[in-house]
Amino acid sequence: MDKLVIRGGCKLRGEVDIDAAKNAVLPIIAACILSGDKCEIWNAPMLRDVFVLCEALKSLCADIDIDVEKGKIIIDTSGLMNVEPDGELIRKMRASFLIMGPMISRFGKFKVSLPGGCNIGTRPIDLHLKGFRALGVDIKIGHGYVEASASRLIGARIYLDFPSVGATENIMMASVMAEGETIIENAAEEPEIEDLGKFLNSMGAKITGLGTDTIKITGVKELRGASYKPIFDRIEAGTFMIAAAITKSTIKINGIIEDHIKPITAKLAEMGVDMEMSGESLIIDAARDLKPVDIKTMPYPGFPTDMQAQMMSLLCCIKGTSVITETIFENRFMHSSELKRMGASIKIDGRSAVVEGVDRLTGCEVKATDLRAGAALILAGLIGEGCTEISDIYHIDRGYVGIEKKFKNLGANIKRIIMD
Ligand code: EPZ
């Protein structure tokens, strides 16, 4: 298992280019199931999760060509079969459950292994199933599988008890060719939902209300192939913004959609970070001493849960008391025990973490417990005294393309140790 070794204390300088958003590309890949034509996804991030989802579609006899150099994925589902996908792949990555909606829409029935939970929470699918049932789908669960069948899909009004990203996406994809109109109320508003909706509309779907909490889908007869360039990854951008803040550096981040990072820039500005947009780039200057702030993760446009761990690393190094409240996932503070090994002062009380800033963090051996926790440990390693060695970095590779190369280009002392 590979490791990352970071020697702290380097200032960062220069520029970093942000990749396309993992959480936009994954549902877009699943949506290619809806058309029997070829689809092309440009500038796709060459990430483990992208490869795993492509493997899951290949296990359904989709024909997929990935050009790693160009970041281009060509997906041809003309030969798609309604067979059971490779259960191991589904369990390996919960986002593969996003093929459920498109497969029901295309074939009227589908059987797939129940997605597992993960380190950050049980990750239920009750809202996905509530939406499918409302569309006329019969759902059976047993022996670790969920089986869906529907003679016809009929549009419905669906209220989501929680604005679930995945449930909104799955219901959108299940209803694009249903008879009549579907209205999703209390829908998730994340930019990645809007991007999926734009991709579906480019395939001929009729979706309005994207980016709001009420999405209307008018069923159409069929969808055609499309070419699409997904949005930039606001969480990768936020990760590098915090890297600049934690090392008191000035860097330029290329690949920014200003609206998408507003919850993050608002918090960093409150702390005293100077930021300025220039076209699709953000120049961030964090040379000043920063102030502690309180963070509460919320559905978009609130502060993103996927930035909570990274922000915790920063707050550990800022004099004063900060309180972080995690409202989205029930177990998303595992990075705190690893940060405490580096000398951080963090008290966890249920969904809240009280962080007392310390003068210094010291490098040591730590373990990535999930994708964003791993990113948070890299950030802590950048300023930890001495060497920080991060293991289980396969978590990090799920969501960041060549993260050590990007940090090295910014001047960090970081290297990947390939373990056989
Ligand atoms: C997506 O996960 C993202 N993943 C996550 O990013 C992100 O943290 C999350 O949205 C929240 O923004 C992808 O897009 C691939 P949810 P998803 O359904 O869709 C509850 C990362 O680091 N819930 O909005 O699984 C659930 O328990 C990953 O890139 C139900 O109760 O998130 C959780 O508490 C981590 N019933 C909350 O909603 C359901 O049927 C948020 O889940 C579904 C969800």
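Helix H5 supplies the largest share of the shell around the ligand, namely three residues, where helices (H or I, at least four residues) and strands (E, at least two) are DSSP runs numbered from the N terminus. The model is a predicted one, in which local features need pLDDT of at least 70 and side-chain atom pairs count only at pLDDT 80 or more, while totals for chains, interfaces and linings use all residues. Residues are numbered from 1 along each chain as its sequence is written, and side-chain values use heavy atoms, with hydrogens and water left out.

Of the 22 residues around the ligand, those that come nearest are Asp126, Leu127, Ser164, Asp306 and Ile328; a residue is near a molecule or strand if one of its heavy atoms lies within 4 Å of it. Polar contacts, meaning pairs of N or O atoms within 3.5 Å, are listed below.

| Residue | Atom of the residue | Distance to an oxygen atom of the ligand |
|---|---|---|
| Arg94 | polar side-chain atom | 3.5 Å |
| Pro124 | backbone N or O atom | 3.4 Å |
| Ile328 | polar backbone atom | 2.5 Å |

The protein buries 87% of the 830 Å² that the ligand exposes when taken alone, these areas coming from the Shrake-Rupley method with a 1.4 Å probe; for residues, only the protein chains shown count as cover. Two or more residues of the shell are given by each of helix H1 (22-31), helix H5 (126-134), helix H6 (165-175) and helix H12 (371-383).

Aromatic pairs are a further topic. Rings of Phe, Tyr and Trp (its six-membered ring) pair if their centres lie within 6.5 Å, and planes under 30 degrees apart count as stacked, over 60 as edge-to-face and the rest as tilted. By this rule there are two aromatic pairs. The centres of the Phe199 and Tyr228 rings are 5.5 Å apart and their planes stand at 65 degrees, so this pair is edge-to-face. It links distant parts of the chain, with Phe199 in helix H7 (residues 191-202) and Tyr228 in strand E13 (residues 227-228), 29 residues apart. Phe199, at 0% relative accessibility, counts as buried, as does Tyr228 at 13%, where buried means under 20% relative accessible area, exposed over 50% and partly exposed in between (1.4 Å probe, protein chains only). Phe240 and Phe407 form a tilted pair, 4.7 Å centre to centre with 35 degrees between the planes, which joins helix H8 (residues 234-246) to helix H14 (residues 403-409) across 167 residues. Phe240 and Phe407 are both buried.

Phe240 is also among the residues touched by Val16, together with Lys252, Ile253, Asn254, Lys406 and Leu410, not counting residues up to four places away in sequence; contact means heavy atoms within 4.5 Å. Val16 lies in strand E2 (residues 15-17) and is buried, with a relative accessible area of 3%.

Technical notes
Polar contact = N/O pair within 3.5 Å; in protein donor to acceptor, adjacent residues only side chain to side chain.
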